[in-house]
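This report walks through strands, helices and chain contacts in turn. Keep the structure in view while reading.

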Number of protein chains: 4
Amino acid sequence: MRKLLMIPGPIEYESNVLNAMSIPTISHSSKEFVSIYKEALQNITSIFGSSTSEGLPFIISGSGTLGMEVATVNFISKDSKVLVVNTGYFGDRFVDLFSRFTDKVEQIKPPLGQAVEPVRIKEKLDTNEYDLMTVTHVDTSTGVRNNVKEIAEVSKKTDTLLVVDGVCSVGGENLDMKWGIDVAFTASQKALGAPPGLAVGVAEKRALNRMGKLKPNSFFSDLRKWEAVSRGVLESKGGYFGTPNVNLITALNVSLGNIMSEGLELRLKRHEKMASAIRAGIKGMGLELIAKKDHANTISAVYLPNGTDSKKFLSDTETNGVVFASGLMKEIAGRYFRIGHMGSISSSEVMITIGAIERALKLSGYEVDPGTGLAASQDSLLRFS
Amino acid sequence: MRKLLMIPGPIEYESNVLNAMSIPTISHSSKEFVSIYKEALQNITSIFGSSTSEGLPFIISGSGTLGMEVATVNFISKDSKVLVVNTGYFGDRFVDLFSRFTDKVEQIKPPLGQAVEPVRIKEKLDTNEYDLMTVTHVDTSTGVRNNVKEIAEVSKKTDTLLVVDGVCSVGGENLDMKWGIDVAFTASQKALGAPPGLAVGVAEKRALNRMGKLKPNSFFSDLRKWEAVSRGVLESKGGYFGTPNVNLITALNVSLGNIMSEGLELRLKRHEKMASAIRAGIKGMGLELIAKKDHANTISAVYLPNGTDSKKFLSDTETNGVVFASGLMKEIAGRYFRIGHMGSISSSEVMITIGAIERALKLSGYEVDPGTGLAASQDSLLRFS
Amino acid sequence: MRKLLMIPGPIEYESNVLNAMSIPTISHSSKEFVSIYKEALQNITSIFGSSTSEGLPFIISGSGTLGMEVATVNFISKDSKVLVVNTGYFGDRFVDLFSRFTDKVEQIKPPLGQAVEPVRIKEKLDTNEYDLMTVTHVDTSTGVRNNVKEIAEVSKKTDTLLVVDGVCSVGGENLDMKWGIDVAFTASQKALGAPPGLAVGVAEKRALNRMGKLKPNSFFSDLRKWEAVSRGVLESKGGYFGTPNVNLITALNVSLGNIMSEGLELRLKRHEKMASAIRAGIKGMGLELIAKKDHANTISAVYLPNGTDSKKFLSDTETNGVVFASGLMKEIAGRYFRIGHMGSISSSEVMITIGAIERALKLSGYEVDPGTGLAASQDSLLRFS
Amino acid sequence: MRKLLMIPGPIEYESNVLNAMSIPTISHSSKEFVSIYKEALQNITSIFGSSTSEGLPFIISGSGTLGMEVATVNFISKDSKVLVVNTGYFGDRFVDLFSRFTDKVEQIKPPLGQAVEPVRIKEKLDTNEYDLMTVTHVDTSTGVRNNVKEIAEVSKKTDTLLVVDGVCSVGGENLDMKWGIDVAFTASQKALGAPPGLAVGVAEKRALNRMGKLKPNSFFSDLRKWEAVSRGVLESKGGYFGTPNVNLITALNVSLGNIMSEGLELRLKRHEKMASAIRAGIKGMGLELIAKKDHANTISAVYLPNGTDSKKFLSDTETNGVVFASGLMKEIAGRYFRIGHMGSISSSEVMITIGAIERALKLSGYEVDPGTGLAASQDSLLRFS
C-alpha cells in the first residue's frame, strides 16, 4: 500500500508530473526540448519574482547541495569575506562549503528555534567587510523561517551580495527577488513539485557583474557556463555544457505549469492554510514546535513528548501509512520529528497527518484523547479564509 | 509519430526503464530506496570490472560533465602536472577543466580520426612528471576509440593515475578497471541505458589513497562526501550529501538489471555486431567514417558526400523518422554527422538507420542505388557470428 | 490537485497497477501474455475459493453488466423459471436482463436497507420450480450485504443454480464458491483493484453441466466460447474468441498479485477494520446508514441530515478533495450518498473521508462539532484488533 | 529488448496513448470524464464520415467480436433473412453469430484471395429477400479488401441494411458512412491506435428506425441501452449502462486526437504509401500475396516459399526483433503469414519488416540476395508522392 510522504522532499507529486517522467526521452538539442526548457526557465523567473530582462534563471542537473555551490562560489575569490546566517543544519553546510574557497567565514547563529533578527545583520554589514552573505529562508532541519524581506532591506544598501537558500521555501513561501535578493536557489523536489535531481535558481545583475570580474574556481558549478546555456535556450537556440536531464526538466515544466495554473498567490495562501491547520492539530495534542514563532508554511519540526522513542514513533506512523522525517539537528536529534507539507498539500493530508500522529502517540503511551488534534485542525481549516 | 533517436545519448530506452521513471517517488532514506541504490552501486561495480572490496562506485546527480570533474579534481592539487590525451571535443573540455585547478596541463593530440599510440604515452610517462592523465575511451565527437587496455599497461607501472572518460563506452565497449585504470566514469544516458541526469563511476584504491593526502578544492564534486554516501549505502545504512535523484536511480537500476540479464559479454558482442552492420552499410553507400581504423562500437561519425548540405540532410532524415546528431568538431562541423548506436540497438535500428540515410542522400542528389547500403548491412548481419 | 475517489468503483488503484497499464502492448498470442493471462485466471480461482480442477474461471473484456449476462444466460432456456433476490438497483437490472430470455421471472424484495432472510428463499426453492436464482452479495446502491453462505446452504440442496453477483464484494468481502455457489462474478474496477473494463468470474461444474445441455442464445456472452479460451490459456496454449484487453489483464494480474501478497484473509480483515471506522465516524456525527444491520465492508450508503442539499454536499466534499457517489435508489435519491471503501483502503482514507464529511456538513449548516466523527473513527481504529 | 509488433492488432501505440493508460482513474460520472467521452464520440463520428445529428456513435467495453454482435442483432428478429459476404475467417464468424438469432443465413463466398464482385451482391439483393447483409471491409485473415463503396451503391437502393465490419480498416482505409452504410464498427486496437478493449462504431438513422420496431433479444449488446449512454454523453450529461473503461477511453481519445492532428486524408495516404512499399518489398523478394489485386493498406497476408517451415520462420523473425502473425485460414494455415501495417506505421517499420523477412528467409534456405526486397521497398518509398 502506498505510504504518504510527509517529509520535506521528496514529496507527493501530481500525477501529470510523474507521467511526464516516463515520456520517451527526446533529443536534448531538439526544438521541442529547447522550447520546454525555455518555458521552464521563464516560469522559474516568474516564480522567483525576477524578470528575464534582468535576472539569469538556471536549471542544472544536480541537487540543492549543488545549488548552494553555484549560488556562492561564482561570486567570491579566495580573499572574500563571507557571512553565514546559521539557523540549522544547512547553515553549517554553508560554512563547510565556504571553507574550501576562502578562509574568512563568519556566522550569526540565533538560538535554536529562532530566526535571525535583521538588526544583527545590520550591525555586521555596516562594517562593510563582507563580500557575500547567505541566509537559509526556511531551514529544513528546524522549520524556522527567516525574514528575508527585511534582511534584503539591509543588504541591498551595502556592497554585500545576499544569497538566499530557498530550498525549502520557493513555491510554498513568499520569496521575491525584487526585495533586493542577489541570488536565490532551490531544488526540484520540494515546493516546486518535481522529483529530485535539479538545482534551480536565479542570479540578478549585481551578482552577475561581480562574477564578471572574477576568475572561475570551479568547473561544473561555474555559472558562466550555465549562463551561456540559459541565454541560448531563452533565445530558442539551445546550448550545451552537460546533457540536461530531459525527462526531469519536462516533468518540472509540467509542475511549474501546475503552479502557474493555480496561481502563485493562491498557492501560497493554500500552504499557509494547511500549515496553520497542522500547527493547530499539533498544539491541540499538546505538542510543541521547535520554531518559537517564525514558523515555516512548508515544514513543521515537532518535539516528541518526553519519553517517546522516536524510532518507534516513526515506525508506527509508517505502519499507519505516513512517512515523517527524523530529526536532523544533532543536539536534539531523537527528541523531535519533521513534517513536510509542501506542493499539493490539502486538507486530506492534514487529516491523515494529524490522525496518524494521534494514533502513534497513543501507541507510545502518551495520554491524548483521540480526535483532539483532529478537532483543532478541523477548526483551523473551517476558520481560515 | 515517434522519431527514432540515433544520437550518442540520450538514446532509446527500454520500456521497463521509462516506466520506472514514473513510479511515485519514495523517501530517499527509506530502506526500500537504500536497497535499490545499493543494488545499482553493486551492478556498476561489476559492469566496470571492479570489486566492491577494493573500488569505490559512485552515482551522483549531474551529468558526464560533472563526472569529468569528480574523476579528476579529487586527485590533484594546484601543483599537480596533468596529461590530457586529446582525441576530440571532450579532450578539449578536460583542458578547460584543468585550467581552473592547475597551471601544468599538457596534451597529446593525434591527428583527427586517429587513436593515440600507446608508445607516445610511454614516452611522456617515462619522464615521471605527471600526477594524473586522462584519456577519452570513445570520443563522442569523432567515434575514435582509444586502446585503454594498452594505455593502462603503461600507466600502471608509473605513478601517474589513469582516469578514463568512459561516457560513450561503458556498457557498449569493453572497459575493465582491472587493466589498471585508476578512475573511470560515464553518464546514465548512454550505453548504460537510462535517461540523462547521473554521473556514474568507480575510483580504485590507488586513486583513493592519493585523495586521502590532498585537501579538497571543491564541494559538490568532493568525492570524500560521495564516498561516505556510497559506503553507507553499500552497508545498507544509507547516507546523505544531496538528495539523490530517486526516480532516475530506480530507472538506472532497472536498466543495469537489463544489462546483467542479457550478460555483459553478449551485450558487447551485440554492440559489435550492430556497429559492424552500420559501418558496412555506410561503406556500401560509398561514404567514409572519420575514425580511420579505431572505430567505436557505440557511435559512428560519417563524412557527408561533398556538396551535401548537412542541415538539409539532418532535416530530411528527421522527416524520415530518424534523428542523427550534427558534427561537433569545429574544424569539420557541417561536413559530417554522427550516429549513436548504443543500448538496445538491434538489427531493426540498423535497417531504419541505413534506409533513412539512403533516402536522404537520394533527396540530396547523391548518386546511390537505394538498397546498396542496406544490402551491405544485411550481409554483415548475416555473416556475423 | 488529485481528488480522492471514494466511490464504489472505479477506486484508487495502486501505482504498480496503474504503471502496468502503460507497458507497451504485447501480442495477445505471445507466450509472455498467455502466461500472464494464465496466472490471472489461477489467482481468480483462488480468490473465489474455487479450484482449477473443478471450476471455470473467466476474464472477459466488458464490465460487470456483461458479467451479469454471462453468469446467467448460459444456464437458462426460454422455458426456465428464475428467482431474483432484489435488494436494490442491481436486482432490478437482473429482472430487466431476464425479461429478454424468459417470461418466468420472480422476485423476493426485502424492505429497503435489509438483507434477504434465508428462510424466505427456502420457502421458494422448496417448491422445486426454479432453474436458477440470483443474489446480489453487496448491492452497490444500498450497501446491504446478503448472507450468501446461508443462502448457498439452502440452494445447494435443490436443483436451483445459485448465481452470485459479487461485483461490489469479491476481494473485499468473504465469498467462497465452496459454500455451494454455482456461478459468481465481479468486475475489475472494484475490490479486485484494477481499472474498469473486465468481467471476471467463476462457474462451477454443476452450472457447466447444465450449460452443456442447452443451446446457446447469445454470442459474445456465450460461455462455451470463453470456456475454450480459459481452458487453452490454462494449458499454456492460448485461445481466441475476441482480442483480449492485454494491458488491462496485465494490470489486473499485478493487482491480483498484490492481493495474494497481502493475503486474502488479512485483506478482508483490513476491509472490515476500515469499514468499521467509517461507520463509527458516520454514527459519531449523528448520521444514519441505509443498511440497518447487514452492512457491507466495501461500501456505505448514508442518509444526509434532513434539509441538506445533496448536490451542494457532494460538490463541497469534492472541493475538499474527496469524491463520493450520489444516491442510486430512485425512491430515496437525493436523500443519501455513498462511500466506496475498497481496495487499498487504509486509515488514511478513513481520516480524509470523515474529515471531509464533517466540514461539508458544517458548510451545509448541520450542527456537528468538528472532530466528533473523527474521534469516533480514531477510537474504532485503535480498538480494532 | 522490445520486439516490434507487426501483427494486425494489437499494434505499436504512440507514447502519448500509452501514457494516457496510466493516468489515475477518475470517476466515470465526473464532468471531466464525460467531456473526454463526448470528444471521443464526436471524433468517432468524424472518422466514420457520419454526422452527430444523424448517426449514433458508440464505444463499448468489449472487443471487435462484441462489435459484430452489437452491429447486427439489434436489427434483426428470429424471422430475418441475412446475407454474409464471406471473404475469410471473420465471414465464418458472422455465420456462427447469426446461427444463434435466425435460421435464414446465406453466404456469398468469393474464391480465396478475391474480393466480392458487387454485381453478385446486386443479383442477391434484387430478390428483395434480405433484411440485413454484412461485409468485412478488410478481412484480417487474408488481407483482401472489399469495395464497400460500390456495395453500398447497391444496398442503399434496397431495403437490406448494410453492416460493415471495419475492424481492420477504419482509420487506415477509406470508409465513409455517407456512401450508404447503415452500421459500421471497429475495435480500438487496430488502425484507431489504442490498446484492445473497446468496440467502436456508428449506426445510421435507417438502422435505428429498424431497431425501434424490434424487441431486444440480447442484453449487454442491446444498442438501445448504449444509445441512451451515447446520447447522454453527447449532451454532456453522461449516462450509465456499464462502468466504462475510463482509462482506455481516455487513451482512445488521445489516439483519435492524434488522428485528427495528422488529418484523416494524410493518414490514409501514409497507410497507402507504406503498404505499397511493403508489397513492393514482398514482391522484390519473389514472394506472393494472398490478395490477388484487392489489397488492403492495413495488412498483408503473404505466402511463404514452398518448403518453408512457418513456425521456424516466425520464430526467426521474432528473434530478429519483429513479431508477425501466423496464418488464420484453415485451408492454408502453415503456408502463409500476416503483416499488420496500421496506425503509426512509417518507413522505419517498412525497413525493419522487409529486412527481417529477408534474413529469416535466408536462414530458412530460401535463395534471395539480401537487400533485394529492401531495394524494392526503398524504390517504392522514393517514387510515392
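Which unit do β3(C), helix α4 and β4(C) make, and is it right-handed or left-handed? They make a β-α-β unit, and it is right-handed. The model is a predicted one.

## The parallel pair in chain C

The two strands of that unit also pair with each other. Strand β3 of chain C spans residues 81-85, and strand β4 of chain C spans residues 104-108. They run parallel and are joined by 5 bridges. One pair of facing residues can be named: Val82(C) stands opposite Val105(C), which belongs to β4(C).

Strands of a sheet pair through backbone hydrogen bonds, in either a parallel or an antiparallel way.

## The seven-stranded sheet of chain B

Chain B holds an open sheet of 7 strands. The order is β2-β10-β9-β8-β5-β3-β4, and the pairing is mixed. At the edges lie β2 (56-61) and β4 (104-108) of chain B, each pairing on one side only. On average, neighbouring strands of this sheet are turned by 20° against each other, direction ignored.

## Helices across the chain B sheet

Which strands does helix α2 of chain B lie across? They are β2 and β10 of chain B. The helix covers residues 31-47 and runs at about 120° to β2(B).

Helix α6 of chain B, residues 148-155, lies across another pair of strands: β5 (132-136) and β8 (161-165) of chain B. Its angle to β8(B) is about 165°.

## The four-stranded sheet of chain C

Chain C has an open sheet of 4 strands, in the order β11-β12-β15-β14. The pairing is antiparallel. The edge strands are β11 (288-289) and β14 (325-326) of chain C, and each pairs on one side only. β14(C) pairs with strand β15 of chain C, residues 336-340, in the antiparallel sense over 2 bridges. Ser326(C) has Phe337(C) as its bridge partner in β15(C).

A helix lies across this sheet too. Helix α10 of chain C, residues 264-284, lies across β11, β12 (299-303) and β15 of chain C. It runs at about 5° to β12(C).

## A helix pair within chain C

How do α11(C) and α12(C) cross, right-handed or left-handed? The crossing is right-handed. Helix α11 covers residues 310-319 of chain C, and helix α12 covers residues 347-363 of chain C. Their axes come within 9 Å and cross at roughly 130°. That angle makes α11(C) oblique to α12(C).

From α11(C), the residues in the contact are Phe313(C), Asp316(C) and Thr317(C). They meet Ala356(C), Ile357(C), Ala360(C) and Leu363(C) of α12(C). By class, this contact has 5 nonpolar, 1 polar and 1 charged residues.

Helix α12 of chain B (residues 347-363) meets helix α13 of chain D (residues 372-383): the axes come within 11 Å and cross at roughly 45°. α12(B) is therefore oblique to α13(D). The crossing is right-handed.

On the α12(B) side, the contact is made by Gly355(B), Glu358(B), Arg359(B) and Lys362(B). On the α13(D) side, it is made by Leu374(D), Gln378(D), Leu381(D) and Leu382(D). The residues of this contact divide into 3 nonpolar, 2 polar and 3 charged.

## Two neighbours of chain C

Chain A puts 25 residues in contact with 25 residues of chain C. On the chain A side, α12 (347-363) and α13 (372-383) are the elements that give two or more residues. α12(A) gives the most, with 8 residues. By class, this side of chain A has 9 nonpolar, 10 polar and 6 charged residues.

How many residues of chain D are in contact with chain C? There are 43, and they touch 43 residues of chain C. The elements of chain D that give two or more residues to this side are α1 (15-21), α3 (64-73) and α9 (246-262). The largest share, 4 residues, comes from α3(D). By class, this side of chain D has 20 nonpolar, 20 polar and 3 charged residues.

Technical notes. Residues numbered from 1 in each chain as written. Chains lettered and ligands numbered in written order. Predicted model: local features only at pLDDT ≥ 70, side-chain atom pairs only at ≥ 80, totals over all residues. Axes fitted to C-alpha atoms, helices over the stretch in contact; angles between N-to-C directions. Parallel < 35°, antiparallel > 145°, perpendicular 65-115°, else oblique. Left-handed = near helix turned anticlockwise from the far one by under 90°. Contact = placed C-beta atoms within 7 Å. Nonpolar A, V, L, I, M, F, W, Y, C, P; charged D, E, K, R; others polar. Pairing = 2+ DSSP bridges. Right-handed = clockwise from strand over helix to strand, strands pointing away.
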